[in-house]
Each structure stands twice: as C-alpha cells, then as structure tokens.
Amino acid sequence: MAKTELIHLTRKKKEVGTGSITFDGTTINTAQTAKLLGVIFDPELRWKHQVQQALKRASKTVSALSGLRHLRPIQMRQLYITCAAPVVDYASTVWHNPLKDKTHLRTLNTIQRDILIRILSAFRTTATQALEMEAYVPSTRLRLKRRGQDVVASLFTQPKDHPIHSVLERASRRAVAKGDAARLPIAQVIKTMDMTKLRTLETFDPRPLEPWRPPGLTKNYEARRPLVAQKREHRKALIHEWQQEWQASKNGQYLKRIHEGLPSKRVLRLHNGMSRHQTYFFTQLRLGHNWLSFSAKARRLSDDDKCECGAIETVVHVIVDCPKLSELRRELRTKVGDSFNSVARMLGGWQKNAQGKATQWPINRAGLNAVIEFAEKSQRFWSRTSQRYVAASQQG
Ligand SMILES: [Zn+2]
C-alpha cells in the first residue's frame, strides 16, 4: 500500500485533486504529483515538476564535473555529453514536445550554457550559440528532437505483435489530425518524421528461435530499411538544422568571420590536447569576448576601446599591428610562417577567398601554440584588475 499513489489527470481546474480510493480500510487521497519509473507526473501533464527534477539532478552532475580541475577541456566536454546530458534527457519522449516546448527548454538551456562556459573558460557575456559551436555541442532543443526521433524509430522495429504498435498507430493518426488539441509528445515527434520510412524499418524480434525448428532455417528476414541508416538520417538532419540556425542568427558574428563552414568537428581537433590554461587564451581569441578594450567597450564595461598605442584594441590589432608588441611578434612570425597573412588561419579557422570558396587550411599545431603563447606573453588577455571587469567575467 505504501507504494500506491493516486493522481487525477485532467486540465479542468476544478476536478484536480478530487476523489479518493479506499482498500482494506486504508484511504488513498489524490496527490498533486506521482512518480512512475523516475518520471514525475502532474495532473495537467505539463511536466513542470519533471523538468525541475531533471534540472536539479543535472546541475548536481555538472557541479561535480566542474570540480575536476585537472581535466583537459576536451575531456570535460566528453564527460558532459556522456554523464550530464543523459540526466536531462531521461524519458524525454514522455515529457518533451519537440514542436512546442519553449518554457522547459529555456530552463534546460541554462545547464548546457553553464558547463560550456566552464569548459571553454569563456566570458559570461558570450552568446550560447557561439559557445555551442566552439565546443561542437548542439543545442538542447536539437539534441532532444534527435533523441525523440531515435526512440520512435527504435520502437517501430519491435515485432508486429508487440503492444507498442497500437500506441504508435494511434500516435501516428494524431500526428496528422487537424486542430490544436493537446497531443502526445510522441505524436509530435512522429510529426517531424517520414511515416513511410518508419513503416519500412527492419524488425528485431528478441524472442529466441524454437529449438525444434528444422536445422539450417533461421527467421525469415525481408530486405528492410536498417535502423542505423534511419538514425544516421536523424543525425544529418540535426547538423543541417544547426547550420541553418547558425547562418540565420545574429549571434557569433566574430566567430563566423574567422571560421567559415561551422558547425564542424574541426573545432574538436583544434581544442584537442589543449590545457585549461591554453584554452583560456584560445577562447578569447576565437570568440571575441576578451580583456581587450574593444570587447570591454562592446560589453559596456568601459568607455574606451583604445590600445596604449592609440589604435582600437582588437584581436587583429594585437596580433598583427600593435607597434608595442613588435619584438614579441617577430618570434610569432617565424613560428607561424605563411599563416601570418590571415588571422583566421592563425586561429585555426577557414575563410572565404575572393571567389567565395572557403580555403580549408590544415591544422597547424605548432602555429596554434605559438599564437596562444604570444597572446599570453602580450599580457593583453589577462584581467585588467579593475573590479568591474572581474565581476563581469568568469576566469578559467
Ligand atoms: Zn596597440
């Protein structure tokens, strides 16, 4: 009896919380929430409690990860993807509607934003989209959408007599029904997919073969669409949508200029092997939010965007032009060689040439290290000690 819970699922306000059941003299009253397999149900099925729980659990994992200070940024990213994101995603096909879920996503986005700021040692003012691009981590919305599609595709591979098929059929009918009645999240996931493809997916029958079957005869397999091919399509669609969002967005203008062709796994190769200390400078150089006066003025932390030499203090000015750093720059030039002609190239990016085609330079590890070393020695990318600067940023 201790495990019995009663909840009344309705969106009619006056019916909520009414009614009770009595068994063997014990009365069970309706509760405001009920937990089933770790998912918190609320009477209106709006999932606020479930999302709050996911947020709390994931924050705990994220703060434990942040405590591991000796980790390299790329390793911390891997741990986030494998340990913290799945905590958020748990049972998302039950509570997340991929077509209409702005409120929950706003809450859940903060988790990813916080950890990416830590991974990249980025300034708190950096746009989330730029952080996601630089760490090659798709947005929570795109991740949940793809997860829903993967789950639905897997459900369609169950044997034809599995009870899930009646649920899927009903959800499929509701996915195409007109009107704006509340729909099951799973029906909304199906709406983002191609039904004919789902119906031609292969079947996995988990039941063992009969031991008395004639020898040599196995199950009758028809040629059907493999599940892996279907999942690969979901991944491709995610990357495509991510790319479109990035191009349409007003955010990340600086990163867009120095790195053509994002999203790209190339950013992972750029960051691979970098220490937290190196990442601190590299992120400032690539994301454009940094300790330089130009960036401070853009963030309204200072009225002055000038360098000591009188020019506007931008990343390009510091690396290429500032006369005060000419001594240090000589060393940089010998180390980076040809790359010195392009700041984008020096920072590991790609840039369009006059014909509009991106020049795909290979990664020059020694060159990247030289630029990071230059940034460190220039002393321009360290905190400028003024209290207001320190308060507005987050240091690695
Ligand atoms: Zn200068």
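A crossing of two helices is called right-handed if the near helix is turned clockwise from the far one by less than a right angle. Keep that in mind for the third stop on this tour.

**Before you start**

You are looking at a predicted model, so begin by colouring it by pLDDT. The average over the protein is 89, and 94% of the residues score at least 70. Now select helix α5, residues 128–135: among the elements of the protein, α5 has the highest mean pLDDT, 98. At the other end of that scale is helix α19, residues 387–392, with the lowest mean, 44.

**Stop one: the hairpin**

Select residues 20–23 and 26–29. These are strands β1 and β2, which run antiparallel and are joined by four bridges. Show side chains and find Ile21, which stands opposite Ile28 in β2. Two residues separate the strands of this hairpin. Next, click on Asp24, in the loop between β1 and β2.

**Stop two: α1 alongside α4**

Bring up helix α1, residues 48–66, together with α4, residues 102–120. The axes of α1 and α4 come within 10 Å and cross at roughly 0°, so the two helices are roughly parallel to each other. To see the contact, show Val51, Leu55, Ala58, Ser59, Val62, Leu65 and Ser66 on the α1 side. Facing them from α4 are His104, Thr107, Leu108, Ile111, Asp114, Ile115 and Arg118. By class, this contact has eight nonpolar, four polar and two charged residues.

**Stop three: α2 against α4**

Because angles over 145 degrees count as roughly antiparallel, α2 is roughly antiparallel to α4. This is the promised example: α2 passes α4 in a right-handed crossing. Select Pro73, Met76, Arg77, Tyr80, Ala84 and Val88 in α2, which meet Leu108, Ile111, Ile115, Ile119 and Leu120 in α4. How do the residues of the contact of α2 with α4 divide by class? They comprise 10 nonpolar, no polar and one charged.

**Stop four: a cis proline**

Move on to Pro263, in the loop between α11 (253–258) and α12 (266–271). Show the backbone here: the peptide bond from Leu262 to Pro263 is cis, with omega near 0°.

**Stop five: α16 and α18**

For the last pair, select helix α16, residues 326–336, and helix α18, residues 365–378. Their axes come within 9 Å and cross at roughly 170°, so α16 and α18 are roughly antiparallel to each other. From α16, show Leu328, Leu332, Lys335 and Val336. These meet Ala366, Gly367, Ala370, Val371, Phe374, Lys377 and Ser378 in α18. The contact of α16 with α18 has seven nonpolar, two polar and two charged residues.

Terms used
Residues numbered from 1 in each chain as written. Predicted model: local features only at pLDDT ≥ 70, side-chain atom pairs only at ≥ 80, totals over all residues. Pairing = 2+ DSSP bridges. Axes fitted to C-alpha atoms, helices over the stretch in contact; angles between N-to-C directions. Parallel < 35°, antiparallel > 145°, perpendicular 65-115°, else oblique. Contact = placed C-beta atoms within 7 Å. Nonpolar A, V, L, I, M, F, W, Y, C, P; charged D, E, K, R; others polar. pLDDT = per-residue confidence, 0-100.
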